[in-house]
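I opened a new structure today and kept notes as I went. My plan was to pick one element, look at what surrounds it, and then step back to the whole chain.

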Amino acid sequence: MDIEKPKDNLDIFIKTLTYYQRIHLVMNFNALFYGYGNDKAYEEALMSCDDDDIRYALEWLMNMGNLKG
């Protein structure tokens with residue numbers, strides 16, 4: 001049985017998140033990026049909580065300060 005090794009510190013961080021932390025992280029991303037309300041953001045977060053979705057949302061949220069607009 002092969003155990004997947006983390007690629008970087010972000011992977012390690014993502015692996016330590018609980019299910020509820022993942023939901024809230026994706027909810028925040030959905031609310032800020034797509035402009036969803038709480039209900040829609042929660043509904044969408046329930047359908048997209050795999051590691052790739054979490055990584056994308058986390059990287060986007062971490063880079064928010066770099067956005068110009």
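Predicted model: local features only at pLDDT ≥ 70, side-chain atom pairs only at ≥ 80, totals over all residues.

**Entry 1: helix H2.** H2 has 16 residues. From its first C-alpha to its last I get 22 Å, close to the 22 Å expected at 1.5 Å a residue. Just past the end of H2, I found glycine 35 with a positive phi of about 75°.

**Entry 2: the buried side of H2.** Which residues of H2 are buried? I listed Arg22, Ile23, Leu25, Val26, Met27, Phe29 and Asn30. I recalled that an α-helix has 3.6 residues a turn, so residues three or four places apart point the same way. Next I asked what covers the buried residues of H2. The cover includes helix H1 (9–16), helix H3 (38–47) and H4.

**Entry 3: ring pairs.** I then turned to the aromatic rings. The count comes to 8 aromatic pairs. One of them joins phenylalanine 29 and tyrosine 56, edge-to-face, with 5.7 Å centre to centre and 85° between the planes. This pair links distant parts of the chain: phenylalanine 29 sits in H2 (residues 19–34) and tyrosine 56 in H4 (residues 51–62), 27 residues apart.

Tyrosine 56 has 47%, so I marked tyrosine 56 as partly exposed.

I checked another pair, phenylalanine 33 and tryptophan 60. Why is this pair edge-to-face? The ring planes are at 85°, and over 60 counts as edge-to-face. The ring centres are 5.3 Å apart. This pair also links H2 to H4, with phenylalanine 33 and tryptophan 60 lying 27 residues apart. Phenylalanine 33 is partly exposed at 38% relative accessibility. Tryptophan 60 is buried at 18%, because the cut-off for buried is under 20%.

**Entry 4: the cluster.** I followed the ring pairs onward. They link Phe29, Phe33, Tyr34, Tyr36, Tyr56 and Trp60 into a cluster. Tyrosine 36 has a further neighbour: lysine 40 lies over the face of its ring, 5.5 Å from the ring centre.

**Entry 5: the whole protein.** I finished with the overall picture. How many helices and strands does the protein have? I noted 4 helices and 0 strands, in the pattern α-α-α-α along the sequence. Of the 69 residues, 29% are buried. Among contacts between residues at least 6 apart in sequence, 63% join residues at least 24 apart. The protein exposes about 5,400 Å², and carbon and sulfur atoms supply 54% of it.

How values were computed
Residues numbered from 1 in each chain as written. Heavy atoms only, no water. Phe/Tyr/Trp six-rings, centres within 6.5 Å; stacked < 30°, edge-to-face > 60°. Helix = DSSP H or I, 4+ residues; strand = E, 2+ residues; numbered from the N terminus. Buried < 20%, exposed > 50% of the residue type's maximum accessible area, 1.4 Å probe, protein only. Lys NZ or Arg CZ within 6 Å of the ring centre and 35° of its normal. Expected span 1.5 Å × (residues − 1). Contact = heavy atoms within 4.5 Å. Areas by Shrake-Rupley, 256 points an atom, 1.4 Å probe, with all protein chains shown as cover.
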